[in-house]
Amino acid sequence: ECVDSGRGYVDRWGRCMSVIISGSNGITLPANAGIEFGISGSTNDLDDYEEGTWTPVLAGGAGTITSQTNAGQYTKVGNMVILTGNVNITNWGNASGGVILSNFPFSNAAMINLVGVETNVNGKILSGRRTGTGLTNCDVYYYDNSGPANGGTSNWNMIFTVSYRAA
């Protein structure tokens with residue numbers, strides 16, 4: 001049996017693991033430890049959880065957007081990443097062509113999917129996806145296939161959610 005004053009210990013298949021239990025922090029596991037569901041090995045381990053902020057960046061396929069205000073949050077559970085954010089373009093500058101949302105906090109291991117809405121100019125639903133691996137960006141299109149989501153006008157605002165599996 002594993003016992004230590006001030007810490008809880010778990011005896012698991014002959015191994016002892018430190019688990020810190022405190023009133024204000026809940027349960028704290030040591031670094032590089034996780035929660036295992038079942039006994040089939042690491043494929044069922046929950047070994048990563050993270051929340052934070054990131055700065056989404058919107059760019060034209062060509063040219064430069066000269067003024068944008070951006071805010072984003074992310075949650076990563078295991079290898080699943082959920083990004084949410086808001087991008088407001090106050091001056092499209094000389095940007096033209098397609099629109100790319102970039103600067104994702106983790107590179108991808110599988111397809112990236114985006115859904116959103118443009119809220120100030122036309123209220124159109126936005127969609128996007130990117131295939132390949134090792135990427136941190138996604139193309140953005142109007143859902144009705146009326147072209148890439150290039151507002152071309154000031155005060156264009158995009159609210160979005162992106163999901164993908166991290167590499």
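This is a predicted model: local features need pLDDT of at least 70, side-chain atom pairs count only at pLDDT 80 or more; totals for chains, interfaces and linings use all residues.
Gly-116 touches Ile-125, Leu-126, Ile-159 and Phe-160, leaving aside residues up to four places away in sequence, where contact means heavy atoms within 4.5 Å. Residues are numbered from 1 along each chain as its sequence is written, and side-chain values use heavy atoms, with hydrogens and water left out.

Gly-116 lies in strand β11, which covers residues 112-118; strands (E, at least two residues) and helices (H or I, at least four) are DSSP runs, numbered from the N terminus. With a relative accessible area of 13%, Gly-116 is buried, a term that means under 20% relative accessible area, whereas exposed means over 50% and partly exposed lies in between, with a 1.4 Å probe and protein chains only. The C-alpha atom of Gly-116 is separated by 9.4 Å from that of Thr-84, which is 32 residues apart from Gly-116 along the chain.

Asn-108 sits in the loop between β10 (96-102) and β11, and at 0% relative accessibility Asn-108 also counts as buried. Apart from residues up to four places away in sequence, Asn-108 touches several residues, among them Gly-132, Thr-133, Tyr-164 and Ala-167.

Turning to the whole chain, there are zero helices and 14 strands, and of its 167 residues 28% count as buried. Among the contacts in the chain with a separation of 6 or more, 59% are accounted for by residues 24 or more positions apart.
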